[in-house]
Amino acid sequence: MSNRNSKYGRKRRSFKMFWLIIAVLTGGGVSGLLNPDWPIVGPLVTSVKTQAIEYKNQNPLGLGSSDVSGGQANPGAYAGTPAQSVSALGPNDKILIATFNIQVFGESKLRKPDAMAVIVEVIRKFDVIAIQEVRAKADDILPRLIAELNADGSRYDFIIGPRLGRSVSKEQYAFVYDTNRIELDSASVGTIGDPGDLLHRAPFIARFRPRTTDPDRAFTFWLVDTHTDPDDVPEEVDALAQVFQVMQTARPDEDDVILLGDLNASEKQLGDIKKIPGIRWVVGGGVMTNTRQNKAYDNIIFCTPATQEFTGRWNVLNFEEEFNLSREEALRVSDHFPVWAEFDVWESPDSVH
Amino acid sequence: MDDQQRWRLELQDSDADVRATAAENLCLAGSDSVAAAVDLVMACDDVEDVQNWAAAALEDLGVPAVDSVNSLEPLVSSSAPLVGYWAATLLGRLGASASCSQEILGKAVSESPHLSVQERAAWALGKIGATEVSVVESLKKAAASSSPRLASLATRALA
């Protein structure tokens, strides 16, 4: 396929148009569509604009059941074999994207040096990691994590979402990423609008790309960080199917959507997500993702017709084994293990928009 | 005294750090802490660390014992919204086994000053089933609420 018609060629042209529109909109002080005042920025990000992306209750795209069933049938969980070890990283033209529910990540965990040492070593294995369950009223939890991460000369940064939850016990999502290898599209950060209040904690979204010598050819992608309410899993999973489809069309120049997080649902409980044409998920086939190794709650989900950049390598990082911890020590770190998947840094020219 | 009993007692300690550690230990014990369900609900009216670990413990606790219903019912109307929220949630998880709690939950749907408690009570009635006339009336009013979630949960409970 020629560059003119390739996916990254289209992305480059529409990218320019997108930024032209953004420049016009933000120059006019628009409100509602963009909210440049949202205080979610990490120390190295100078300005973050929130793109308000809303989906409507029940059926945002006007899809009827016949439309859905007319799509490509779900091929089932990704058939690739889990890679043996995350430490056996591929060459530099690959990136590792991960999700990690760091159970009740707040002041008390920061005060546990042994648990923090594991968390830091775990995060350093990945290029960008979606975090769930930051639970604290203080705003310095992520800055302190980043300080520990960067104590060895690393250059990690973060973005964090607002406190979310229907009860007074709130949580925040965050993305932590290695700025040596990953760039944040700082104009494409936000929380999914949820006017029907279908989701306990509406997903936190951000767009990234690997830092490469040829940014126009780099693999760009949305990450959609999610943590469902364990008491409302079927309803929330179906709502996440809507979120996924909205994100697929949120920008004309971006078809790579990666939904990741703690779904509190195994591959058998993915509901309407399974009906999305071409949908794939990495964790399946009896692989467990929690520390007790009896639940498969965490996953990384994307569409393979679009996201051909997935190399087929993924795994659950069992830090209990990796760091030779007792079960109790591992649980002090988290009740979830991270899940990761590997992607090419270059946009696939054969991807279908 | 086993660990579970000791941690439950420590949830009453005067030292907030001891209470937080107890809540964390109960959380890390997962579903083994099911007998501490009521203690953990009450611990949701505490300082932040205790509250966070208690709420995390309750998320993973599963279905509480049927004999906890009598202790959970008065907590639904607690002035602390997180206590009411979790009391209603645990009653809902009990499903038909908590059918005797219908009226208390119906009252929470219509009278709780906290939307989160109203919503969770409506959710719980959806799991338990609403057969009492007064409860059905509360749900019908809630189904017309301007809160989309409360309206949708009440409608679901009436179905």
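Reader: What does the domain assignment of chain B give?
Author: Domain 1 (1-62) and domain 2 (71-159), with bounds from an automatic or database domain assignment. This is a predicted model: local features need pLDDT of at least 70, side-chain atom pairs count only at pLDDT 80 or more, and totals for chains, interfaces and linings use all residues. Residues are numbered from 1 along each chain as its sequence is written, chains are lettered from A and ligands numbered from 1 in the order in which they are written, and side-chain values use heavy atoms, with hydrogens and water left out.

Reader: How far apart are the C-alpha centres of those two domains of chain B?
Author: They lie 24 Å apart. Twelve residues of domain 1 of chain B are in contact with ten of domain 2 of chain B (contact means heavy atoms within 4.5 Å).

Reader: Switching to chain A: is Thr99(A) buried or exposed?
Author: Buried, because its relative accessible area is 1% (buried is under 20%, exposed over 50%, partly exposed in between, with a 1.4 Å probe and protein chains only). Thr99(A) is found in strand β3 (residues 94-105) of chain A, strands being DSSP runs of E with at least two residues, numbered from the N terminus.

Reader: And what is Thr99(A) in contact with?
Author: Leaving aside neighbours within four places in sequence, its contacts include Ile129(A), Leu260(A), Gly261(A) and Phe337(A). A polar atom of the Thr99(A) side chain also lies 3.4 Å from the backbone nitrogen of Gly261(A).

How values were computed: Helix = DSSP H or I, 4+ residues; strand = E, 2+ residues; numbered from the N terminus. Polar contact = N/O pair within 3.5 Å; in protein donor to acceptor, adjacent residues only side chain to side chain.
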